[in-house]
Amino acid sequence: MTRIILTRHGQTLWNIEGRVQGSLDSPLTEKGILQARSLALRLKDEGINHIYASDSLRAINTAEEIRKGIGLEKILSDPALREFSFGDWEGCIWQELRDRNPDIFKIWDSEPHLVTTPGGENMELVTDRAWNFLQQIIQIHQGQTVCLVTHGLTLKLIVTKAMGFAVHEWAKTPWQHNTALNILEVEGDQWSPLIIGDCQHLDGLE
């Protein structure tokens with residue numbers, strides 16, 4: 001049996017500003033760093049053997065805080081864990097995009113799996129690249145505990161598939177807040193969720 005721990009990066013500057021990040025980046029805030037350290041404390045006794053992160057700095061820096069907190073020597077990064085690419089939307093304020101593109105966002109709000117963002121990706125593409133990478137990780141690290149640090153939408157899509165739902169059923173799984181914790185056990189094709197989208201470690205953080 002392999003244990004997979006999935007989480008999202010800590011809070012960033014663009015999270016606060018309501019700006020689209022996607023494949024672009026912005027730095028962790030002081031709160032984001034504290035969130036990562038709090039998660040590391042919670043994970044200290046989980047027996048993590050390896051940590052993988054998206055190659056975006058916000059994910060790498062979150063993974064580094066976890067690595068230091070649990071005493072591992074290194075992290076590995078891979079672009080397969082990147083956030084959903086929003087293409088031309090990246091760097092823009094979400095609300096301004098909504099105001100300028102009401103027709104697209106009408107679909108996005110009800111059936112987002114049908115939307116391919118201008119110059120970017122869609123949910124099916126993101127699910128496939130992240131899930132295929134996760135399958136490789138499970139094969140390489142059978143019987144071990146692996147922590148993966150990724151991004152809000154990518155993480156939600158991974159969890160949705162792990163729970164046995166189709167992409168269009170993504171609303172059935174909880175939104176993944178900054179450093180939300182998911183722990184699942186994998187045996188063959190069977191995924192058993194132990195913790196999904198949990199943020200208890202953030203209690204008391206302002």
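In what order do the six strands of the open sheet stand? The order is 3-2-4-1-5-6, with mixed pairing. The model is predicted, so local features need pLDDT of at least 70 and side-chain atom pairs count only at pLDDT 80 or more, whereas totals for chains, interfaces and linings use all residues. Residues are numbered from 1 along each chain as its sequence is written, and side-chain values use heavy atoms, leaving out hydrogens and water.

Helices (H or I, at least four residues) and strands (E, at least two) are DSSP runs, numbered from the N terminus; two strands pair if DSSP finds at least two bridges between them. Strand 6 runs antiparallel to strand 5 (residues 181-187), joined to it by six bridges. Glutamate 187 lies opposite glutamine 190 in strand 6.

Helix 3 (residues 57-70) lies across strands that include strand 2 (50-53), running at about 165 degrees to strand 2. Contact here means heavy atoms within 4.5 Å; axes are lines fitted to C-alpha atoms, for helices over the stretch in contact, and angles between N-to-C directions run from 0 to 180 degrees. Helix 7 (residues 152-162) lies across strand 1, strand 4, strand 5 and strand 6, at about 150 degrees to strand 1.

Helix 3 also packs with helix 2 (residues 30-43) at an angle of about 40 degrees, their axes 8 Å apart. In this contact, Ile33, Ala36, Arg37, Leu39, Ala40 and Leu43 of helix 2 meet Thr62, Glu65, Ile66, Gly69 and Ile70 of helix 3.
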